[in-house]
Amino acid sequence: MPRLVDHAARRREIIHVTWRLVARHGLDSVTMRVVAAEAGYANGALNRYFASKDDLLQASFEYVYSQTNERVRAAVGDRRGLAALRAFCLEVLPLDETRVLEARIAVSFWGRTVADDRFARVNAATLHEWRGEVARWLGEAREEGEIAGTVDVDVAAGQLLAFLMGAQTFVVADRPLLSVDQQRAALDAQLTQLTR
C-alpha cells in the first residue's frame, strides 16, 4: 500500500528550509537544487510541491506574512486603540530570533518586488491590509482620547509602517545598530508623538 503524504506539511517543511537558506545566504543563493539538497530530497522532487523557484519564493514570502499575522491576531486579541497598535508593532519589530529571521526574509524579498509583479502584488496586498488595521486602531485611539484629535490617521499609519520597516532593515543590515531596548524606546517615542 502506498504511503500517504501530507502535501501541506511537506510544503511547509520546504518553505522552512527556504527561510533558513534566505536568512543565512540571501535570496540569490536559493535554487531548487539547493533547497532540495538541504531538505533531503532528490533533485527535481520539489516540483511536486512547487512548479518553479518563483512559486517557492512567493509561497515563502506569503508564509512570512501569514505567520506574522497569526501572532498579531493572538497578541491583539480584543484590544483596541493604542493597546492594539502597540501589540501589532511589537509583533512586527525584530525583537527576537523568530522576528529577526522574518525580517531577513522580508527585507530580502522587498528587493524582488521592484522587478517582479507577483511579489509586488503580494507585498502591496499585505501592506494595504496592515495600513488599514493600523489606521483603524489609530481611529479608535483618537475617538477614545488616547491620541490628539488633530492626528491624521492615514498619515500616522504610513509613518508607523515606515518606522517598522526601517527597524527591520536596520536590524538586518547591522543588528547591533538597533538593539531590542532601542527598538522599544523608538516605538514608545513614535506612539508618544501621537498624543501631542
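This is a predicted model: local features need pLDDT of at least 70, side-chain atom pairs count only at pLDDT 80 or more; totals for chains, interfaces and linings use all residues.
Visitor: What box do the C-alpha atoms fill?
Guide: Taken along the principal axes, the box is roughly 65 × 40 × 30 Å.

Visitor: What percentage of the residues is buried?
Guide: Of the 196 residues in the protein chain, 45% are buried. Buried means under 20% relative accessible area, exposed over 50%, and partly exposed in between (1.4 Å probe, protein chains only).

Visitor: And among contacts between residues at least 6 apart, what share joins residues at least 24 apart?
Guide: That share is 68% in the protein chain, where contact means heavy atoms within 4.5 Å.

Visitor: Turning to aromatics, how many pairs does the structure hold?
Guide: The structure holds nine aromatic pairs. Rings of Phe, Tyr and Trp (its six-membered ring) pair if their centres lie within 6.5 Å; planes under 30 degrees apart count as stacked, over 60 as edge-to-face and the rest as tilted. One of the pairs is formed by tryptophan 19 and tyrosine 63, which are tilted at 5.6 Å centre to centre with 55° between the planes.

Visitor: Which helices hold tryptophan 19 and tyrosine 63?
Guide: Tryptophan 19 lies in helix H1 (residues 7-25) and tyrosine 63 in helix H3 (residues 53-76), so the pair ties together parts that are 44 residues apart in sequence. Tryptophan 19 is buried at 6% relative accessible area, and tyrosine 63 is buried at 17%. Phenylalanine 61 and phenylalanine 109 also form a tilted pair, with 4.9 Å centre to centre and 45° between the planes. Phenylalanine 61 is in helix H3 and phenylalanine 109 in helix H5 (residues 97-113), so this pair ties together parts 48 residues apart in sequence.

Visitor: Are phenylalanine 61 and phenylalanine 109 buried or exposed?
Guide: Phenylalanine 61 is buried, with a relative accessible area of 0%, and phenylalanine 109 is buried at 0% as well. One aromatic cluster is formed by Phe61, Tyr65, Phe88, Phe109, Phe119, Trp130 and Trp137.

Visitor: Which residues does asparagine 123 contact beyond its neighbours within four places in sequence?
Guide: Asparagine 123 is in contact with Phe61, Tyr65, Trp110 and Thr113. Asparagine 123 lies in helix H6 (residues 117-143) and counts as buried at 10% relative accessibility.

Visitor: Where does leucine 164 lie?
Guide: Leucine 164 lies in helix H7 (residues 153-173) and is buried, with a relative accessible area of 2%. Leaving aside neighbours within four places in sequence, leucine 164 is in contact with Phe88, Cys89, Val92 and Leu93.

Notes. Residues are numbered from 1 along each chain as its sequence is written. Side-chain values use heavy atoms; hydrogens and water are left out. Helices (H or I, at least four residues) and strands (E, at least two) are DSSP runs, numbered from the N terminus.
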